[in-house]
Amino acid sequence: MIRTHASGGDFGRLRAEFALPESFGPDVLAEAEAAVLDPLASAGGREDATALPFVTIDPPGSKDLDQAMLLERTAGGFRVHYAIADLAAFVPPGGALDHEARRRGQTLYLPDGNVPLHPPVLSEGAASLLPGEVRPAVLWTIDVGEDGELAATRVRRALVRSVEQLDYEGVQAALDAGRPHPSVAVLPELGRLRRELAVRRGALELQLPEQEITGDADGGWVLDRRPRTVVDAWNAEISLLTGMAAAQIMLEAGVGVLRTLPPADAGSVEWLRRSAAAAGLGWPAEQSVSEFLSALDPGQPVSMAMYADTTRLLRGAGYTAFDGALPEVATHAGIGGPYAHVTAPIRRLVDRFAAEVCLAVTAGREVPQWVREALAEVPGHMSVSDGLAARVERACIDQVEAWVLAEHVGQEFTAVVLRAEETRAEILLENPPVMAKCAGERFPEGERIAVRLTEVDVEHRKVSFERV
């Protein structure tokens with residue numbers, strides 16, 4: 001593995017370039033400190049669910065823990081208990097915290113530390129579902145049938161206590177050893193059922209390699225592929241299930257905010273079929289895009305190229321608020337149905353408001369006026385922050401790629417051709433896992449080729465390759 005140990009390899013210049021906030025204002029911090037003095041003071045009326053053995057599953061070292069789960073087998077299928085951090089218990093509507101959260105939109109993650117949506121005293125402390133701590137939560141209880149279909153949903157405020165903080169690889173290892181944590185022992189069974197349903201309803205899962213930046217013992221940075229276990233996919237299905245239940249509640253009530261993506265047009269799907277044919281992949285006419293993608297082997301170069309091509313079908317995602325008439329587009333084509341963000345309020349603004357809608361509707365109450373007023377603004381806040389988050393993430397990866405490759409100009413590498421054009425292609429190096437543009441001709445999409453690193457511009461975060 002190629003590593004970088006460049007001195008001064010920090011992200012301060014990048015933070016300045018994007019004008020990322022370095023801290024919170026004194027009014028925001030004062031309001032946060034006041035909110036955590038006695039976070040359970042307003043616990044009256046909350047259900048006491050502290051006896052339920054919730055666990056969290058997050059990357060190692062995470063402190064901003066939004067979700068805790070407990071999965072059970074029932075006579076009729078499964079019961080999902082999903083506790084979500086209750087940020088509304090700490091963020092007064094219209095206050096300094098609320099205004100700052102709307103300005104930020106979401107937590108931004110950089111290799112040398114994040115730019116949080118909320119002050120750490122909340123996001124990594126009083127609001128986080130840390131193990132052994134009693135926390136206010138929005139508690140979802142979702143009943144699922146033997147077939148994996150959503151059967152019933154109950155949402156209310158509660159007090160919860162996580163009994164253990166788990167990570168993906170640890171859960172995977174415990175399952176492989178036949179010693180799963182009792183709270184998630186049925187995750188494989190339920191996760192597989194939900195994945196099968198996702199394919200049938202047309203959900204698109206693109207298993208492109210995820211680039212991951214980590215620090216090393218010498219103060220440098222390592223660029224690697226993030227290992228993706230099946231536990232990642234199963235865990236995601238629990239969050240997706242909850243988001244789909246939330247969307248159903250809001251659509252039936254005629255008020256809320258959805259995560260939407262219009263369906264791909266017939267021309268784009270036909271173009272993808274031609275790409276598959278050119279790559280020598282059989283795709284029966286009666287088989288959907290979702291079914292075709294699910295049958296691919298993620299480890300094969302040709303599969304990676306097809307995943308890259310499929311991103312063309314997933315353009316136009318956004319947030320759609322409504323109050324009264326239902327929106328023209330009320331589904332998310334990548335998920336295969338209506339969907340809403342409600343499971344990450346510590347890290348994402350929209351979830352707090354969507355959760356308040358669901359709590360009010362399921363309790364038979366009017367949606368609070370401050371929530372209705374915010375619905376019109378939230379999609380705009382999220383659109384701006386989504387764009388910033390994508391640019392910051394790409395810039396961080398580009399910077400580390402440049403640092404990693406700075407001393408290797410002229411060296412040859414093996415790469416997979418993801419997308420090909422007449423005189424250039426998008427490639428993925430196998431080691432280190434760098435995604436870049438490559439000059440040349442007649443690129444064989446979905447195949448391995450040899451490329452040469454021709455230039456590295458650390459200052460502008462650019463690397464250039466040519467086909468050998």
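Okay, a definition to start: a charge sits over a ring if NZ of Lys or CZ of Arg is within 6 Å of the ring centre and within 35 degrees of the ring normal. Here, the charged end of Arg 273 does that with Trp 283, at 4.1 Å from the ring's centre. Arg 73 lies over the face of Phe 78 too, 4.3 Å from the ring centre.

Quick housekeeping. This is a predicted model, with local features needing pLDDT of at least 70 and side-chain atom pairs counting only at pLDDT 80 or more, while totals for chains, interfaces and linings use all residues. Numbering runs from 1 along each chain as its sequence is written, and side-chain values use heavy atoms, with hydrogens and water left out.

Now, ring on ring. Rings of Phe, Tyr and Trp (its six-membered ring) pair if their centres lie within 6.5 Å; planes under 30 degrees apart are stacked, over 60 edge-to-face, the rest tilted. We get 5 aromatic pairs in the structure. Take Phe 11 with Trp 403: edge-to-face, 5.3 Å between centres, 65 degrees between planes. That pair links distant parts of the chain, 392 residues apart: Phe 11 is in the segment before α1 (12-17), and Trp 403 is in helix α13 (residues 378-405). Helices here are DSSP runs of H or I, at least four residues, numbered from the N terminus. Phe 11 and Trp 403 are both buried, meaning under 20% relative accessible area with a 1.4 Å probe, protein chains only.

So why is Trp 283 with Phe 292 called stacked? Because their centres are 4.1 Å apart and their planes at 5 degrees. Trp 283 is buried at 11% relative accessible area, and Phe 292 is buried at 2%.

Last one: ring pairs join Phe 11, Trp 221 and Trp 403 into a cluster.

Technical notes. Helices (H or I, at least four residues) and strands (E, at least two) are DSSP runs, numbered from the N terminus. Buried means under 20% relative accessible area, exposed over 50%, partly exposed in between (1.4 Å probe, protein chains only).
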